[in-house]
Amino acid sequence: MMEPETRSSLDPGIQLLLFFCDGGFTVSVRAVADGDCSETGLKTAVKTERDVSGWSSERLRQLLLRLRVEGPEGVCQVTDINKLDGEASINNRKGKLIFFYEWQLGASWQGTSSSGVKYRGTLKVSNLSDENELDDLDISVSLCEDQPSTPLLDLMRRTGTEEVRAVLGKYIQQLKSEFTQGMILPTANAPKPPQCEEKKNQIKTSKTQISSTPRHCFNPAPSPTGVHIPTCSFKLKETFQTSADELYRTFIDQEFVQVFTRSVAAVDGRHGGRFQLLDGNISGEFTELMPEQRIGMRWRFRTWPSKHYATIRLDLEGRGDETELRMECQGVPVGEEDSTREGWTRFYFQAIKQTFGY
């Protein structure tokens, strides 16, 4: 993560911070009183962009390779994708998502006539873009130069092109549904959940838009006694391309957690504060909080024996533009070690990296 670049040519009392990271950037505008950099009278306009070209490329390939059409003439199917040039991204501005995509596609197809003779051809789409409707797509189908004329070409031009439109429409639909929940962030005018206590608005400048929404209320914490069962422990280590402060807040801030888990979460980021995420499958409470250094928690999975919690400690060590995280987990029920280890790796570490570019 790079340091913010400050530009204040717009107005002496306005400071514009640009944060650049892999796959996107954030713009934060804040008021500056009398040349002082203290953050007062906050007015923010946050724009978060996420590059989804890799996911799009793989998804387009998978969908097109499933394309198959049949008719009295025979059967045709796509056999290879030889061109996938383009990009796709999602932009969040003031809680509104804007999808950008532009692709040029090329594929090979093979047809087998009703008499068993095989033919080869090509398929091209030159203008798959957010600016074009599906009906306006330029889809061309042809036979390879060394292939004789065959009714299969008419089958591909007639039925195959419609199947291509349907497949590309499915890609667009999945693009919007796959990333919508993880990209729509809280805004200042969003409905607020029930409050445990009123908190003053605080300024947070980050790669993502963070609101001052009060924490969720929790039921009384369970008894720390728990139940006695055979347990085991394990350790993990991961490196993140961000500061220790940023990584620390990613784990304890409700809005950050909701973004990387792509689901509603309740997180009270204070000592003794409780959390619940991933549709209630994960719950616990914070037992130790040392900003930029350490996070301790009692943590459990829903299917574990009632009132049984593991003890987790996350130690953060900042190393310039990156942070090493060392995790120690104790008290995991015997037989649950592999799934717990995999869960932390996938739903915490990998999810954080993929979401924020860390």
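Q: If contact means heavy atoms within 4.5 Å, what percentage of contacts in the protein chain between residues at least 6 apart in sequence join residues at least 24 apart?
A: The structure is a predicted model. Within its protein chain, 55% of the contacts between residues at least 6 apart in sequence join residues at least 24 apart.

Q: How is the predictor's confidence in the protein chain summarised, and where is pLDDT below 50?
A: The mean pLDDT of the protein chain is 78, and 72% of its residues reach 70 or more. In residues 1-47 the pLDDT is below 50, although the model gives this stretch 100 contacts beyond near neighbours in sequence. Residues 184-226 also stay under 50, with 102 contacts beyond four places in sequence.

Q: What makes up the protein chain in terms of helices and strands, and what part of it counts as buried?
A: The protein chain holds five helices and 16 strands. Of its 358 residues, 46% count as buried. Its accessible surface comes to about 18,700 Å², and carbon and sulfur atoms account for 46% of that area.

Q: Which residues is Tyr 171 in contact with, leaving aside its neighbours within four places in sequence?
A: Tyr 171 contacts Trp 55, Ser 56, Leu 60, Leu 63, Ala 88, Tyr 101, Trp 103 and Leu 128. For Leu 60, which is 111 residues away along the chain, the C-alpha atom is separated from that of Tyr 171 by 6.6 Å.

Q: What makes helix 3 mostly covered, and which of its residues are buried?
A: Eight of the nine residues of helix 3 are buried. These are Ala 244, Glu 246, Leu 247, Tyr 248, Arg 249, Thr 250, Phe 251 and Ile 252.

Q: How do you know whether helix 4 is parallel or perpendicular to helix 5?
A: Helix 4 and helix 5 (residues 337-356) pack at an angle of about 90 degrees, and their axes are 8 Å apart. The range for roughly perpendicular is 65 to 115 degrees, so helix 4 is roughly perpendicular to helix 5. From helix 4, Phe 256, Val 259 and Phe 260 meet Phe 347, Tyr 348, Ala 351, Ile 352, Thr 355 and Phe 356 in helix 5. Eight of the residues in this contact are nonpolar, one is polar and none is charged.

Q: What is the phi of Arg 262, and why does this residue carry its accessibility class?
A: Phi of Arg 262 is near 55 degrees, a positive value in a residue other than glycine. Most residues other than glycine have a negative phi. Arg 262 sits in the loop between helix 4 and strand 11 (266-267).

Q: Where does Glu 292 lie, and how do you know its accessibility class?
A: Glu 292 is in the loop between strand 13 (282-290) and strand 14 (294-301). With 40% relative accessibility, Glu 292 counts as partly exposed, because that class covers values between 20% and 50%. Glu 292 has a positive phi of about 70 degrees although it is not a glycine.

Note on methods: Residues are numbered from 1 along each chain as its sequence is written. This is a predicted model: local features need pLDDT of at least 70, side-chain atom pairs count only at pLDDT 80 or more; totals for chains, interfaces and linings use all residues. Side-chain values use heavy atoms; hydrogens and water are left out. pLDDT is the predictor's confidence in each residue, from 0 to 100. Contact means heavy atoms within 4.5 Å. Helices (H or I, at least four residues) and strands (E, at least two) are DSSP runs, numbered from the N terminus. Buried means under 20% relative accessible area, exposed over 50%, partly exposed in between (1.4 Å probe, protein chains only). Accessible areas come from the Shrake-Rupley method with a 1.4 Å probe; for residues, only the protein chains shown count as cover. Axes are lines fitted to C-alpha atoms, for helices over the stretch in contact, and angles run from 0 to 180 degrees between N-to-C directions. Angles under 35 degrees count as roughly parallel, over 145 as roughly antiparallel, 65 to 115 as roughly perpendicular and the rest as oblique. Ala, Val, Leu, Ile, Met, Phe, Trp, Tyr, Cys and Pro count as nonpolar, Asp, Glu, Lys and Arg as charged, and the others, Gly among them, as polar.
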